[in-house]
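Student: I have a structure open and want to learn how to read it. Can we go feature by feature?

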Amino acid sequence: MDMLVAAEVVAVLTAWGFLFLSVRRWGPGRRKRSVRCPEKKQRAKVLVEHREGDYGSVYAADVIACSLLPKEKPVTCEKKCLDRL
C-alpha cells in the first residue's frame, strides 16, 4: 500500500513538473529566438515578447532587442521579422 501511494505522489509531481516546463517553454514571456532579418538579409538573434491573445494561443507581440542593432538603443526598424516567428 505504501508503494502505491509513493508511486501516485511521484506521478502527480511529474505531471506538475511537465506542466510547469511546458508553460515556461511555450507560454507567454520573453524568449531569445533566431530569425533571418528580412531587411538586412542576415541571421539575427532577437529577444521577443510573447503574449497570450486568446486562451491557448500565444503570439509574438514585440521585438525587445536585436543582435544587428546597437544594444543601448531601442529597436527602430519596422519589425518585419515578427511575421517569421
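**Reading strands, core and cysteines**

Tutor: Start with a turn: in the hairpin of β2 and β3, which has five residues between the strands, G56 takes a positive phi near 85 degrees. Strands (E, at least two residues) and helices (H or I, at least four) are DSSP runs, numbered from the N terminus. This is a predicted model: local features need pLDDT of at least 70, side-chain atom pairs count only at pLDDT 80 or more, and totals for chains, interfaces and linings use all residues. Residues are numbered from 1 along each chain as its sequence is written, and side-chain values use heavy atoms, with hydrogens and water left out.

Student: How many bridges join β2 to β3?

Tutor: Two strands pair if DSSP finds at least two bridges between them. Here β2 and β3 run antiparallel, joined by seven bridges. R51 stands opposite Y59 in β3.

Student: What about β1 and β2?

Tutor: They run antiparallel too, and eight bridges join β1 (residues 29–36) to β2. S34 faces K45 in β2 as its opposite. Their hairpin has six residues between the strands, and K41 there takes a positive phi near 55 degrees.

Student: Which residues form the largest nonpolar core?

Tutor: In soluble globular proteins, nonpolar side chains tend to be buried together. A nonpolar core is a set of buried Ala, Val, Leu, Ile, Met, Phe, Trp, Tyr and Cys residues joined through side-chain atoms within 4.5 Å. Buried means under 20% relative accessible area, exposed over 50%, partly exposed in between (1.4 Å probe, protein chains only). The largest core here has ten residues: V35, A44, V46, V48, A60, V63, C66, V75, C81 and L82.

Student: Why does A44 count as buried?

Tutor: Because its relative accessible area is 2%. A44 sits in strand β2. Contact means heavy atoms within 4.5 Å. Leaving aside neighbours within four places in sequence, A44 is in contact with R33, S34, V35, C66, S67 and L68. R33 is eleven residues from A44 along the chain, yet their C-alpha atoms are separated by 8.4 Å.

Student: How many disulfides are there?

Tutor: A disulfide is a pair of cysteine sulfur atoms within 2.5 Å. The count is zero. Take C37: the nearest cysteine sulfur, that of C66, is 6.1 Å away. C37 is buried, at 14% relative accessible area. C66 is buried as well, at 15%.
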